[in-house]
Amino acid sequence: MQFYSLDHEASFEDLKKFNYPNQKIGVIAHIENENGEILLQQRGVKSRDENGLYEDIGGKVEPEDINFLSAIKREIKEEAGDEINLVFSNSIGIYHCYKNNINWVFVIYFVKYIEGKIKIMEPLKCMDYHFFKYNEAIDSELVTESCKYLIKSIKNNYR
């Protein structure tokens with residue numbers, strides 16, 4: 001796992017330096033509320049991996065996504081609905097991890113949760129949403145190790 005901090009909005013050009021075998025490009029939203037708690041989703045039975053554990057909202061960039069920001073907005077709407085008031089930063093980093101024979105390269109967004117109803121839009125892929133305090137997330141056996149790494153990286157590089 002590696003985290004690369006960015007000082008500009010990520011572009012497809014930024015990802016050209018990543019050239020791993022069996023590579024996929026995705027986006028992740030690190031969502032915090034006004035208390036600094038982190039919103040994580042509990043992965044459901046039809047999730048690709050780590051069923052029952054908590055991770056950030058995110059997913060694969062699709063060909064119709066015009067940029068990474070549109071991709072993360074689409075992912076949040078697909079997974080948590082469109083009744084949430086959120087404020088998006090520019091992308092803050094690029095994160096690489098290797099899971100299930102896939103080299104994932106994710107563009108990371110810091111997102112501020114303002115208000116609204118968070119829905120379970122894909123009940124077979126998501127069982128629950130929960131706001132975790134930083135230490136609670138880092139210490140929990142229910143949060144994936146890759147998510148813990150990302151949370152620590154964001155705290156160390158973005159704050």
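**Exercise 1. How many disulfides does a search of the whole structure find?**

Start with the cut-off: a disulfide is a pair of cysteine sulfur atoms within 2.5 Å. The search of the whole structure comes back with zero. Take C97: its nearest cysteine sulfur belongs to C147 and is 11 Å away, and C97 is in no disulfide. C126 is in no disulfide either, with the sulfur of C147 as the nearest one at 13 Å. This is a predicted model, where local features need pLDDT of at least 70, side-chain atom pairs count only at pLDDT 80 or more, and totals for chains, interfaces and linings use all residues. Residues are numbered from 1 along each chain as its sequence is written, and side-chain values use heavy atoms, leaving out hydrogens and water.

**Exercise 2. Is C97 buried or exposed?**

Buried means under 20% relative accessible area, exposed over 50%, and partly exposed in between (1.4 Å probe, protein chains only). C97 has 3%, so it's buried. C126, at 4%, counts as buried too.

**Exercise 3. Classify the ring pair of Y95 and F106.**

Rings of Phe, Tyr and Trp (its six-membered ring) pair if their centres lie within 6.5 Å; planes under 30 degrees apart are stacked, over 60 edge-to-face, the rest tilted. By this rule there are eight aromatic pairs. For Y95 and F106, the centres are 6.2 Å apart and the planes are at 20°, so this pair is stacked. Now check burial: Y95 is buried at 2% relative accessible area, and F106 is buried at 10%. Finally, ring pairs join Y95, W104, F106 and Y149 into a cluster.
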